[in-house]
Amino acid sequence: MLSTDTDILATAEAWRDAGRGVALATVIETWGSAPRPVGSHLIIDEEGNFLGSVSGGCVEGAVIAEAADVIEDGRPRVLEFGVADETAWRVGLSCGGRIRVLVEPVA
Amino acid sequence: MKLDLLREMNRERAARRAVILVTDTAEGGSQRLVREAEAGSDPLAAELMARFRSGKSGIVEAEGRSLFLTVQVPPPRLVVVGAVHISQALAPMAQATDLDVTIIDPRTAFATPERFPGVALLPLWPDDALAQLPPLDRYTAVAALTHDLKIDDPALVAALRAECFYVGALGSRKTHGRRVERLTAAGLSEEQIGRIAAPIGLDIGAVSPAEIAVSVLAQVIASLRQDRRRAPA
């Protein structure tokens with residue numbers, strides 16, 4: 001079953017209620033051909049469990065890794081991915097697009 | 001995001017009310033939630049109203065700040081009138097495309113959980129059933145499939161008055177002609193009645209109930225994604 005935004009945000013609340021540290025990632029800008037529209041969500045808990053997506057799977061790993069730091073220090077940050085970015089050699093969007101993702105703690 | 005804001009967003013979504021979360025993306029930036037009813041008096045009123053209409057999230061520059069607007073409109077919903085054969089095929093397909101499906105049919109022999117596993121069923125007349133659901137709205141599609149005017153007509157009237165994003169009705173052109181006369185007599189305008197997709201479904205030459213279900217679902221999606229389409233079908 002694919003998760004909807006409803007499931008994702010409801011699950012984020014449920015995870016917090018269960019006492020887990022949670023980060024919310026949101027696609028805030030896209031250029032060119034990007035796999036997920038602006039507003040798409042991914043939630044991550046302190047153990048790296050996640051639900052939803054911000055790309056077709058291309059950059060989820062990097063976002064999840066960054067989310068651990070966000071949960072740890074409580075500071076939101078904006079990440080950028082794309083072929084124009086030097087991180088494209090590590091993670092990037094194979095479709096050639098670029099995206100910016102806001103990762104914030106749910107606190 | 002503050003947990004309180006997340007809870008509020010989830011509550012509003014469950015109640016099918018549209019909200020926009022305004023997030024200052026700068027470090028230490030603030031965050032607030034605006035309900036559709038309150039948007040008119042907000043400093044960002046014009047931008048927010050346009051976003052509620054389009055349903056699109058995005059960045060807006062205001063007073064030297066970069067604000068991200070998370071637009072949360074109610075999840076798209078499909079109300080099917082008629083627990084008929086086509087509906088048995090349509091319900092699981094529509095659920096697979098993330099539509100929240102409810103089936104209404106006062107004929108209790110049709111509206112059984114055995115025929116519709118995992119689907120919300122209301123074995124009531126449309127007026128009674130609709131009174132039990134969150135009100136019909138712009139984020140709801142209504143497909144009337146019973147072929148029975150006593151059941152279909154009240155649902156169509158309610159759907160058109162509520163400006164549902166899609167309103168479709170099963171039946172031949174001749175059947176629809178008579179329906180137009182009845183709805184006109186019921187006080188609906190030509191423009192309102194003109195919004196009914198009839199005969200229902202995209203013209204893909206569908207024959208079987210499952211094929212008709214595909215054509216109906218495709219038409220619902222085409223209405224939902226109107227602004228993304230390359231050319232009118």
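Q: What should I know before I start?
A: This is a predicted model, where local features need pLDDT of at least 70, side-chain atom pairs count only at pLDDT 80 or more, and totals for chains, interfaces and linings use all residues. Residues are numbered from 1 along each chain as its sequence is written, while chains are lettered from A and ligands numbered from 1 in the order in which they are written.

Q: Which domains does chain B have?
A: Domain bounds come from an automatic or database domain assignment. For chain B that gives domain 1 (3-72) and domain 2 (77-228), and their C-alpha centres lie 32 Å apart.

Q: How do I read the sheet in chain B, and what is its strand order?
A: Strands of a sheet pair through backbone hydrogen bonds, either parallel or antiparallel. Two strands count as paired if DSSP finds at least two bridges between them. In chain B, 6 strands form an open sheet in the order 7-6-5-8-9-10, with parallel pairing. Its edge strands, strand 7 (120-122) and strand 10 (196-197), each pair on one side only. Look at strand 5 (residues 77-81) and strand 6 (residues 100-104) of chain B: 5 bridges join them. One to find is B:Arg77, whose bridge partner in strand 6 is B:Asp100.

Q: What about cores: which residues touch the most other members of the largest one?
A: A nonpolar core is a set of buried Ala, Val, Leu, Ile, Met, Phe, Trp, Tyr and Cys residues joined through C-beta atoms within 7 Å. Buried means that 20 or more other C-beta atoms lie within 10 Å of the residue's own, placed from the backbone. The largest core has 49 residues, and those touching the most other members are B:Val80, B:Val81, B:Ile103, B:Val142, B:Ala143 and B:Leu156. Helix 5 (residues 149-161) of chain B contributes the largest share, 7 residues. A second, separate core of 42 residues includes A:Leu24, A:Val70, A:Leu102 and B:Val22.

How values were computed. Helices (H or I, at least four residues) and strands (E, at least two) are DSSP runs, numbered from the N terminus. A residue is buried if 20 or more other C-beta atoms lie within 10 Å of its own, exposed if 12 or fewer, and partly exposed in between; C-beta atoms are placed from the backbone.
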